[in-house]
Amino acid sequence: AAGTSDPQIRRVLQAIHEGPQEDWSLEALARHGGLSRSVLAERFKAIVGQPPIDYLTRVRMASAARMLETAELSVADVAFRVGYQSDASFHKAFRRMMGVSPSAYRHARLR
């Protein structure tokens, strides 16, 4: 919400939320917002409070957590749907952010 007053940051936030599974890089997000990488990184952190890629990871993990709360998708499918091409990188990111593995998170939620 803080970024909505800046039209370029708003475009970047909208892109992240509408397509967190996309292969976003800082450069791709900057292009989407019509900014250079350095300007995006600086302005995004000043407005949102964290770097763009960290924010993207948080959005992806929040989406993954919601998907893991059901048994409908495998962990690998969840990883792919939130933008990870590798189970290992998804597991590492999920554990770092959530404190447990995706499987442990699912098990605890389904109990």
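Of the 111 residues of the protein, 39% count as buried, where buried means under 20% relative accessible area, exposed over 50% and partly exposed in between, with a 1.4 Å probe and protein chains only. The model is predicted: local features need pLDDT of at least 70, side-chain atom pairs count only at pLDDT 80 or more, and totals for chains, interfaces and linings use all residues. Residues are numbered from 1 along each chain as its sequence is written, and side-chain values use heavy atoms, with hydrogens and water left out.

**Overall build**

- The protein has 7 helices and 0 strands; helices (H or I, at least four residues) and strands (E, at least two) are DSSP runs, numbered from the N terminus.
- Read from the N terminus, the order of elements is α-α-α-α-α-α-α.
- The C-alpha trace spans about 45 × 25 × 20 Å along its principal axes.
- Among contacts between residues at least 6 apart in sequence, 54% join residues at least 24 apart; a contact means heavy atoms within 4.5 Å.

**Surface and charge**

- The accessible surface comes to about 6500 Å², and 49% of it belongs to carbon and sulfur atoms. Accessible areas come from the Shrake-Rupley method with a 1.4 Å probe, and for residues only the protein chains shown count as cover.
- There are 16 positive and 11 negative side chains, and the centres of the two sets lie 5 Å apart. Lys and Arg count as positive and Asp and Glu as negative, while His and the chain ends are not counted. The place of a charge is taken as NZ of Lys, CZ of Arg, CG of Asp or CD of Glu.

**Helices α2 and α3**

- In helix α2 (residues 26-33), the buried residues are Ala28, Leu29, Ala30 and Gly33.
- The cover over the buried residues of α2 includes α1 (7-18), α3 and α4.
- Gly34 follows α2 and has a positive phi, near 75°.
- Helix α3 (residues 37-48) has 12 residues, which at 1.5 Å a residue should span 16 Å; its end C-alpha atoms are 16 Å apart, so the two values agree. The expected span is 1.5 Å times one less than the number of residues.
- Just after α3, Gly49 takes a positive phi of about 100°.

**Pro51, between α3 and α4**

- Pro51 is found in the loop between α3 and α4.
- Its relative accessibility is 31%, so Pro51 counts as partly exposed.
- Leaving out residues up to four places away in sequence, Pro51 touches Phe44 and Lys45.
- Pro51 and Ala15 are 36 residues apart along the chain, and their C-alpha atoms are separated by 15 Å.

**Thr57, in α4**

- Thr57 has its place in helix α4 (residues 52-68).
- Thr57 counts as buried because its relative accessibility is 13%.
- Neighbours within four places in sequence aside, Thr57 is in contact with Tyr84 and Met97.
- Thr57 and Glu72 are 15 residues apart along the chain, and 22 Å separates their C-alpha atoms.

**Aromatic rings**

- A pair of aromatic rings is described by the distance of the centres and the angle of the planes. Rings of Phe, Tyr and Trp (its six-membered ring) pair if their centres lie within 6.5 Å; planes under 30 degrees apart count as stacked, over 60 as edge-to-face and the rest as tilted.
- By this rule the protein has 4 aromatic pairs.
- Phe44 and Tyr55 form an edge-to-face pair, 5.7 Å centre to centre with 70° between the planes. This pair links distant parts of the chain, with Phe44 in helix α3 and Tyr55 in helix α4, 11 residues apart.
- Phe44 is buried, at a relative accessible area of 0%, and Tyr55 counts as buried at 17% relative accessibility.
- The ring centres of Phe90 and Phe94 are 5.7 Å apart and their planes stand at 45°, so this pair is tilted. Phe90 and Phe94 are separated by about one helical turn, because they are 4 residues apart in helix α6 (residues 87-98).
- Phe90 is buried with a relative accessible area of 0%, and Phe94 counts as buried at 0% relative accessibility.
- Tyr84, Phe90, Phe94 and Tyr105 are linked into a cluster by ring pairs.
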